[in-house]
Amino acid sequence: MNKMSNKPQININDSDYSEILHQAISQIKTARILIAKQVNSAANSVYWNLGKLLFEKQLEEGYGSGVVKQLSIDLKNEFPDMGLSPRNLWNMKRFYERYYQADTKLLQAVAVLPWGHNLLLLDKVQSLSAVEFYANEAIAKGWSRDLLLNAIKMDSYSRVQSELKTNNFSNTLPEINAGYANEVFKSSYNLGFLGITEPMKELELENRLMAKIRAFVLELGKGFSFIGNQYRLEYNHKEYFVDMLFFHRGLQSLVAIELKIGSFKAEYVGKMNLYLSLLDKLEKGEKENPSIGIILCADKDHLDVEIALQDINKPIGVAEYQLLLPKEELQTLVLNEIKLEYGSDGLDDGRGSSTY
């Protein structure tokens, strides 16, 4: 009697079987990736330590070539399958020199890449931030060396960086308005004209801007008209105050600006979203476009801004400000002040200033 005949038959439809097959394939691929990472990590650890040895012994191509050549011969006799040619030993030294002072995230990324990928990054990519980008992309997407080379040739890193937007204009404004808004609003504003040298509160910062509102409007760009500061909005027997309110002629939109002296926080977006709802309800003209909000803070993190804005339906941007002028602008400012004080040649003519 056939023992198998006593076992119950299991009927599985095509959909269930496809799911089982998909999960099995996924498990195998995941295991292979983990194994590959472990293998790469172990190999790279050896290469790192050999590169460190050459670096610490201060061996350089030229006078150190004979030493490395002999080292290659002796190591290949001991480990014939490891690819320990003189050129590869020098590459190991380059590998160590390039990254030994890098941060942990970058080191973790390059540690699990195949050696050929790392050589490509050594040869083709200069910026460490770009190296980290390509390494993470190669790991996440399983890029072969050829695919990595194509991504580098296409300058994928620069394209992604240029696409980083700390606003949600493309999701909340009509396409033509979104494009224009991205041209109008900067990701960073220089408030060096305020001459601030000590920490201050948000109200003090606003007061300084009010005192030099013309300079601030010029920094914002063409098309802005100032409406008021601490602009009062009243709804449902409650009062709300917008730090600074402008109107942009080209965009035909009210622009609310909130000033923050510290780093960006997600909670600022909710507050701005409320202000824009109130402005659209209470102040926006019939033919005007939706009000736009700009949160102006001392520092921002792209990922924090992205997650804070992802489900917001009002157009909001986050920008940084700098309180110090670049060296060149500062020199120009000082020279202009000297000319105003002493005359067009910038020198005291001995008669003194007419101010005193």
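**Close-up views of a predicted model**

In the protein chain, 62% of the contacts between residues at least 6 apart in sequence join residues at least 24 apart, a contact being heavy atoms within 4.5 Å. This is a predicted model in which local features need pLDDT of at least 70 and side-chain atom pairs count only at pLDDT 80 or more, while totals for chains, interfaces and linings use all residues. Residues are numbered from 1 along each chain as its sequence is written, and side-chain values use heavy atoms, with hydrogens and water left out.

View 1. Helices (H or I, at least four residues) and strands (E, at least two) are DSSP runs, numbered from the N terminus. Of the 356 residues in the protein chain, 35% are buried, where buried means under 20% relative accessible area, exposed over 50%, and partly exposed in between (1.4 Å probe, protein chains only).

**View 2. I12, Y17, I20, L21 and I25 make a nonpolar surface patch of about 470 Å².** Patches are made of residues with over 30% relative accessible area and no salt bridge, with like charges joined within 9 Å and nonpolar side chains (Val, Leu, Ile, Met, Phe, Trp, Tyr) within 5 Å; a salt bridge is a side-chain nitrogen of Lys or Arg within 4 Å of a carboxyl oxygen of Asp or Glu. Accessible areas come from the Shrake-Rupley method with a 1.4 Å probe, and for residues only the protein chains shown count as cover. I12 is placed in the segment before α1 (14-56), and I12 counts as partly exposed because its relative accessibility is 45%.

**View 3. F185 and F224 are one of 16 aromatic pairs.** Rings of Phe, Tyr and Trp (its six-membered ring) pair if their centres lie within 6.5 Å, and planes under 30 degrees apart count as stacked, over 60 as edge-to-face and the rest as tilted. The pair of F185 and F224 is edge-to-face, at 5.8 Å centre to centre with 70° between the planes. This pair links distant parts of the chain, since F185 is in the loop between α10 (175-184) and β1 (188-190) and F224 is in strand β2 (residues 224-235), 39 residues apart. Both F185 and F224 are buried.

**View 4. F216 and F246 form an edge-to-face pair.** Their ring centres are 6.0 Å apart and their planes are at 70°, so the pair counts as edge-to-face. F216 in helix α12 (residues 213-220) and F246 in strand β3 (residues 238-248) are 30 residues apart, and both are buried.
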